Amino acid sequence: MPGFSCETYIERDLRGMTPMTSRSTAISIALTALGALPFYLILIAPSEVARIIMVDPHSAYRSYGAVIGSFMAGTLWGFSQPASRTPIVAVVLSNILALAVWSSLLIPLEAFRGWLWLQLIVFWALLAIDWSLWRSGLERDWYLRLRVLVTTAVSIAYLCAIFFW
């Protein structure tokens, strides 16, 4: 096949997914890790973060969590593209979870434990959907492992914020 080399592409897995380059996989992993970093930076150095971005740390944490939750819910829409088995339930749930994480912005800022719990629940619900898609053969193994790791890491940050902030 012209332009195809084993060094450039990860092998097509048994599920028949389009191969990803090792570079795009590495970029996905790096961006995911970097995406978790602000949760820790805001938690560990709230006054410095507030001084740099000129926003209250609680507001920064809440808005960043809402953006990440919405983004992760939106990634599930990729499954609505033409496929032999479109997981309609996952797509519908992604909308519900996007609205739930958006509603965390409507909870008064002072009730920060409430919106922290809501966002944390959304992250775990999104992971449960990814797990379901993986079990159905629609997700790659490496991606599910990455999602478990990053959801666990972000959950630790959220639990520290809930109990020690």
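The model is predicted, so local features are described only at pLDDT of at least 70 and side-chain atom pairs only at pLDDT 80 or more, while totals for chains, interfaces and linings use all residues. Residues are numbered from 1 along each chain as its sequence is written, and side-chain values use heavy atoms, without hydrogens or water.

Start with the overall fold. The protein chain has six helices and zero strands. Its pattern along the sequence is α-α-α-α-α-α. Helices here are DSSP runs of H or I with at least four residues, strands are runs of E with at least two, and numbering starts at the N terminus. Of the 165 residues, 34% count as buried. Buried means under 20% relative accessible area, exposed means over 50%, and partly exposed lies in between (1.4 Å probe, protein chains only). Contact means heavy atoms within 4.5 Å. Among contacts between residues at least 6 apart in sequence, 67% join residues at least 24 apart.

The axes of α3 (residues 57–75) and α4 (residues 88–103) come within 9 Å and cross at roughly 175°. That makes α3 roughly antiparallel to α4. Axes are lines fitted to C-alpha atoms, for helices over the stretch in contact, and angles run from 0 to 180 degrees between N-to-C directions. Under 35 degrees counts as roughly parallel, over 145 as roughly antiparallel, 65 to 115 as roughly perpendicular, and the rest as oblique. From α3, the contact uses G65, A66, G69, S70 and A73; from α4, it uses S94, A98 and V101. By class, these are four nonpolar, four polar and no charged residues. Ala, Val, Leu, Ile, Met, Phe, Trp, Tyr, Cys and Pro count as nonpolar, Asp, Glu, Lys and Arg as charged, and the others, Gly among them, as polar.

Now the interior. In soluble globular proteins, nonpolar side chains tend to be buried together. A nonpolar core is a set of buried Ala, Val, Leu, Ile, Met, Phe, Trp, Tyr and Cys residues joined through side-chain atoms within 4.5 Å. The largest one has 18 residues, and F39, Y61, L116, V154 and Y158 have the most contacts inside it. Helices α1 (22–44), α3, α5 (112–135) and α6 (141–164) each give two or more residues to this core. The largest share, six residues, comes from α6. Another core, of 16 residues, lies apart from it and includes A66, M72, A73 and L76.

Aromatic rings come next. Rings of Phe, Tyr and Trp (its six-membered ring) pair if their centres lie within 6.5 Å; planes under 30 degrees apart count as stacked, over 60 as edge-to-face and the rest as tilted. The count is ten aromatic pairs. F39 and Y158 have ring centres 5.4 Å apart and planes at 55°, so this pair is tilted. F39 sits in α1 and Y158 in α6, 119 residues apart. F39 is buried at 1% relative accessibility, and Y158 is buried at 0%. Y61 and W165 have ring centres 5.1 Å apart and planes at 70°, so this pair is edge-to-face. Y61 belongs to α3 and W165 to the segment after α6, 104 residues apart. Y61 is buried at 0%, whereas W165 is partly exposed at 22%. F39, Y61, Y64, F112, F123, Y158 and W165 form one aromatic cluster.
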